Amino acid sequence: MADIPKTHPRYHSLTLRHLITDGLKAGLATEAALLAHGRGEAFYYLLGEKTHDFAHEAIQAASALIVTARHPVFSVNGNTASLAAAALLDLVKAYPRLKVEVNLFYHSPGRSRLIREHLEAVGIPGVLESCAADNVELATIESPRRRMNPEGIAQADVVVVALEDGDRCQALVEAGKQVIAIDLNPLSRTAQLAQVSIVDELTQVIPLLTAQISADLQTDPTSLAERIARYDNRDVLARAIGAIRTGA
Ligand code: PTJ
């Protein structure tokens, strides 16, 4: 990765950029990943590059959903693998019941395998791929993201997605799954359709989610269920849009 001085005022942002461009060079991410990342940068800038209270609230709801899920799965694409593999390892160490599945929009067997190997090389065990030979498919979409591993997303009751396309989010919700979306754009179809939308930057969210899950392992199930019931995603999205509009 390029040598960016830690004192640079845009150090964090530039570091993420280089993780994505390095991911592209390594074959993990696609060219479209750069555009998706740039769009995220713009929203992050408008959000003041900080974690707002509405994101903390969504993270608490996401944690409650994951901890009480029968079969939670984190869906990983090229951007997530490039930006957050080490953070993802900490998350699955904190909560080993969370499965990780590689699911790609620009699918190729080679890139899917490369991403699986990259995640396994950082230490994440048992990474699944949506392209397994005996895979099952979401009925209502045509993109390669319709594929689901029978041990993973196909069985999942809770799916975490990041930088997701709206069609698959909708198809997952229609398939009866609870979708937790990490998306800096509160207006995206994904953010609008998911049951829990965390409007914040992926690499900030994963460590916060890990800490919340670690705390929630000691929280009683009734309190977690009450937290989920109280959670209002419409209100969270409205506050995120408000923060962008007003610069609050
Ligand atoms: O690896 P593949 O083949 O699955 O390809 C994935 C891409 C990137 C091509 C695909 O997911 C894509 O095109 O994404 P979109 O539709 O551009 O959506 C990306 C969304 O994520 C946008 O709403 C961005 O604002 C948001 N976003 C971008 N970077 C981040 C982000 N949200 C959180 N953290 C980020 N770092």
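Student: What gives the largest share of the lining of the largest pocket?

Tutor: Helix 2 does, with 10 residues. A helix here is a DSSP run of H or I with at least four residues, numbered from the N terminus. Keep in mind that this is a predicted model, where local features need pLDDT of at least 70, side-chain atom pairs count only at pLDDT 80 or more, and totals for chains, interfaces and linings use all residues. Residues are numbered from 1 along each chain as its sequence is written, and side-chain values use heavy atoms, leaving out hydrogens and water.

Student: What makes a space a pocket, and what makes it a cavity?

Tutor: Both are sets of points on a 1 Å grid over the protein atoms alone: in a cavity a 1.4 Å probe fits but cannot get out, while a pocket is an open set with protein on both sides within 12 Å along at least five of seven lines. Lining residues have an atom within 4 Å of a point. Points are joined across faces, edges and corners, and the volume is the space filled by probe spheres set on them.

Student: How much space lies in the largest pocket?

Tutor: About 900 Å³. It is lined by 43 residues, and Ala36, His37, Arg39, Leu163 and Glu164 are the closest to its centre. Helix 1 (11–25), helix 2 (31–46), helix 4 (78–94) and helix 7 (189–193) each give two or more residues to this lining.

Student: How does the lining of the largest pocket divide by class?

Tutor: Into 18 nonpolar, 12 polar and 13 charged residues. Ala, Val, Leu, Ile, Met, Phe, Trp, Tyr, Cys and Pro count as nonpolar, Asp, Glu, Lys and Arg as charged, and the others, Gly among them, as polar.

Student: How many cavities of 30 Å³ or more are there?

Tutor: Just one by this rule. The largest cavity has a volume of about 30 Å³, and its lining is Ser75, Val76, Asn77, Asn103, Arg145, Ala162, Glu164 and Arg168. That lining has two nonpolar, three polar and three charged residues.

Student: Why are helix 4 and helix 8 called roughly parallel?

Tutor: Look at the angle: the axes of helix 4 and helix 8 (residues 202–216) cross at roughly 5° and come within 9 Å. Axes are lines fitted to C-alpha atoms, for helices over the stretch in contact (heavy atoms within 4.5 Å), and angles run from 0 to 180 degrees between N-to-C directions. Angles under 35 degrees count as roughly parallel, over 145 as roughly antiparallel, 65 to 115 as roughly perpendicular and the rest as oblique. Helix 4 and helix 8 are therefore roughly parallel to each other.

Student: What makes helix 3 and helix 9 oblique?

Tutor: Helix 3 (residues 53–68) and helix 9 (residues 221–230) pack at about 130°, with axes 9 Å apart. That angle goes with "the rest", so the pair is oblique. Gln60, Ala61, Ser63, Ala64, Leu65, Val67 and Thr68 in helix 3 meet Leu224, Arg227 and Ile228 in helix 9. This contact has six nonpolar, three polar and one charged residues.

Student: And why are helix 1 and helix 4 oblique?

Tutor: Helix 1 and helix 4 pack at an angle of about 125°, with their axes 9 Å apart, and are therefore oblique to each other. Leu16, Leu19, Ile20 and Gly23 in helix 1 meet Asn79, Ser82 and Leu83 in helix 4.
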